[in-house]
Amino acid sequence: MNIKKEQKMTMYIEKIIWYSTYIDCFTRIINEFIENGDDNIKPCDIPNMMEFNANLASRLNNIILKMKADWEFM
């Protein structure tokens, strides 16, 4: 594998790690809000966080698909 491919794969893996960490963090926050029924939450907070969570999950999926395509041609 050439150096450029290795750098690209490393970049994909780092992004996967970060996006999966973000998704896990926001999921935990949302679950805590739902379980505790915090009165300080605005009505739009949970839908906004869920939308952000969905965007992060979509990005993570796209990165995994790109990485898989690159691995197939190594």
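1. The accessible surface of the protein chain amounts to about 5800 Å², and 57% of it belongs to carbon and sulfur atoms; areas come from the Shrake-Rupley method with a 1.4 Å probe. The model is a predicted one, in which local features need pLDDT of at least 70 and side-chain atom pairs count only at pLDDT 80 or more, while totals for chains, interfaces and linings use all residues. Residues are numbered from 1 along each chain as its sequence is written, and side-chain values use heavy atoms, with hydrogens and water left out.

2. The protein chain contains two helices and zero strands (DSSP runs, with H or I of at least four residues for helices and E of at least two for strands). Its radius of gyration, taken over C-alpha atoms, is 17 Å, well over the 11 Å that the globule rule (2.2 Å times the number of residues to the power 0.38) gives for 74 residues, so the chain is more spread out than a compact globule. The C-alpha trace spans about 55 × 15 × 15 Å along its principal axes.

3. Of the 74 residues in the protein chain, 19% are buried, meaning under 20% relative accessible area (1.4 Å probe, protein chains only).

4. The largest nonpolar core has nine residues: Met9, Tyr12, Ile16, Tyr19, Ile23, Leu56, Leu60, Ile63 and Met67. Such a core is a set of buried Ala, Val, Leu, Ile, Met, Phe, Trp, Tyr and Cys residues joined through side-chain atoms within 4.5 Å. Helix H1 (3-36) and helix H2 (45-72) each give two or more residues to this core, and H1 supplies the largest share, five residues.

5. Beyond its neighbours within four places in sequence, Tyr19 is in contact (heavy atoms within 4.5 Å) with Leu56, Arg59, Leu60 and Ile63.

Note on methods: Buried < 20%, exposed > 50% of the residue type's maximum accessible area, 1.4 Å probe, protein only.
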